[in-house]
Amino acid sequence: MAENQARERTAKRAAGRPRRIEAGQIVAAARRILQEEGVEAVSMRRVAKEVGATPMALYHHVRDKRELLMLTISGLAATVPRPELPTAPRDRVLATALHMHALLSGMPWVVDVLSLGDITDKNALWMPEEIIDSAMACGLTQEQAVFAYRTLWYVVHGDLVFRRAAARRGADPDRPDLFPTLLTPEDADRYPRLTALSERWEGLATADYDVAGQLAAVVDGLLAQAGAQRD
């Protein structure tokens with residue numbers, strides 16, 4: 001009798017005790033949501049539900065959604081070996097920008113997190129450091145080098161965002177393409193180039209985009225500011 005009562009008391013304590021969760025479980029759940037549904041679907045309440053805990057239990061590990069998102073990308077850059085960069089500073093700028101593009105291509109959900117603008121992985125800071133330093137070695141001022149990095153980041157980020165959006169559209173075969181079907185013969189005078197390209201647009205838009213070639217052109221254009229400054 002006493003033994004049964006002791007077991008009942010133990011069972012009641014166990015039933016009332018909140019489930020113990022680890023920080024790794026929280027991060028893994030948040031990453032799953034990010035990968036499958038995007039950054040807008042992540043919330044403390046949603047992640048708590050995924051790990052079978054209360055939102056209050058999560059606050060023992062993370063302060064808020066911002067810190068949670070920081071944790072989801074923290075350390076990811078370190079999982080990919082740094083490339084062996086060339087010696088010439090111009091080539092180092094290009095190689096680093098291409099590595100940045102390749103790294104994020106393999107982690108498309110990270111692009112959504114970075115789009116927030118105030119979250120990054122400290123391990124990834126070697127890339128802006130390298131680009132700015134190499135750009136200054138090519139003759140750009142500190143300010144120009146920072147702007148050059150920002151421009152390259154916009155190109156890389158924009159391309160990846162567009163690719164992800166195109167993949168989502170491709171997953172919906174019934175979704176109509178509005179352009180170039182928006183154009184009519186009456187638009188030829190207003191948009192002569194686009195009208196002339198309308199029949200070829202789909203093929204050109206789906207053709208392989210030479211990221212390396214286009215980034216090289218952008219890098220050369222940015223670094224040409226150093227020569228223009230001296231002229």
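**Second largest pocket**

The second largest pocket has a lining of 20 residues, and those nearest its centre are Leu-114, Thr-120, Asp-121, Ala-124 and Trp-153. A pocket here is an open set of points on a 1 Å grid over the protein atoms alone, with protein on both sides within 12 Å along at least five of seven lines; lining residues have an atom within 4 Å of a point. The model is predicted: local features need pLDDT of at least 70 and side-chain atom pairs pLDDT 80 or more, while totals for chains, interfaces and linings use all residues. Residues are numbered from 1 along each chain as its sequence is written, and side-chain values use heavy atoms, with hydrogens and water left out.

- The space in this second largest pocket is about 380 Å³, a volume being the space filled by probe spheres set on grid points that are joined across faces, edges and corners.
- At least two lining residues of the second largest pocket come from each of α6 (89-105), α7 (108-114), α8 (126-137) and α9 (142-170).
- α6 provides the largest share of that lining, 3 residues.
- The lining of the second largest pocket comprises 16 nonpolar, 2 polar and 2 charged residues. Nonpolar covers Ala, Val, Leu, Ile, Met, Phe, Trp, Tyr, Cys and Pro, charged covers Asp, Glu, Lys and Arg, and polar covers the others, Gly among them.

**Overall fold**

- The protein contains 12 helices and 0 strands, both taken as DSSP runs numbered from the N terminus (helices H or I, at least four residues; strands E, at least two).
- Of the 231 residues in the protein, 32% are buried; buried means under 20% relative accessible area, exposed over 50%, and partly exposed in between (1.4 Å probe, protein chains only).
- Among contacts between residues at least 6 apart in sequence, 69% join residues at least 24 apart, where a contact means heavy atoms within 4.5 Å.
- The accessible surface of the protein is about 15000 Å², and carbon and sulfur atoms account for 54% of this surface. Such areas come from the Shrake-Rupley method with a 1.4 Å probe; for residues, only the protein chains shown count as cover.

**Nonpolar core**

- The largest nonpolar core holds 55 residues, and Val-47, Leu-58, Ile-73, Trp-109 and Val-110 have the most contacts inside it. Such a core is a set of buried Ala, Val, Leu, Ile, Met, Phe, Trp, Tyr and Cys residues joined through side-chain atoms within 4.5 Å.
- Residues up to four places away in sequence aside, Val-47 touches Ile-26, Ala-29, Ala-30, Ile-33, Val-42, Leu-58 and Leu-68.

**Cavity**

- There is 1 cavity of 30 Å³ or more, a cavity being a set of points where a 1.4 Å probe fits but cannot get out.
- The largest cavity is lined by Val-93, Ile-131, Ala-135, Ala-148, Leu-152, Val-219, Leu-222 and Leu-223.
- α8, α9 and α12 (211-230) each give two or more residues to this lining, and α12 gives the most, with 3 residues.
- By class, the lining of the largest cavity has 8 nonpolar, no polar and no charged residues.

**Single residues**

- Thr-72 lies in helix α5 (residues 65-73) and counts as buried because its relative accessibility is 0%.
- Beyond its neighbours within four places in sequence, Thr-72 contacts Val-27, Ala-30, Arg-31, Leu-34 and Trp-109.
- Asp-118 sits in the loop between α7 and α8 and is partly exposed, with a relative accessible area of 44%.
- The C-alpha atoms of Asp-118 and Met-70 are 9.4 Å apart in space, and the two residues are 48 apart in sequence.
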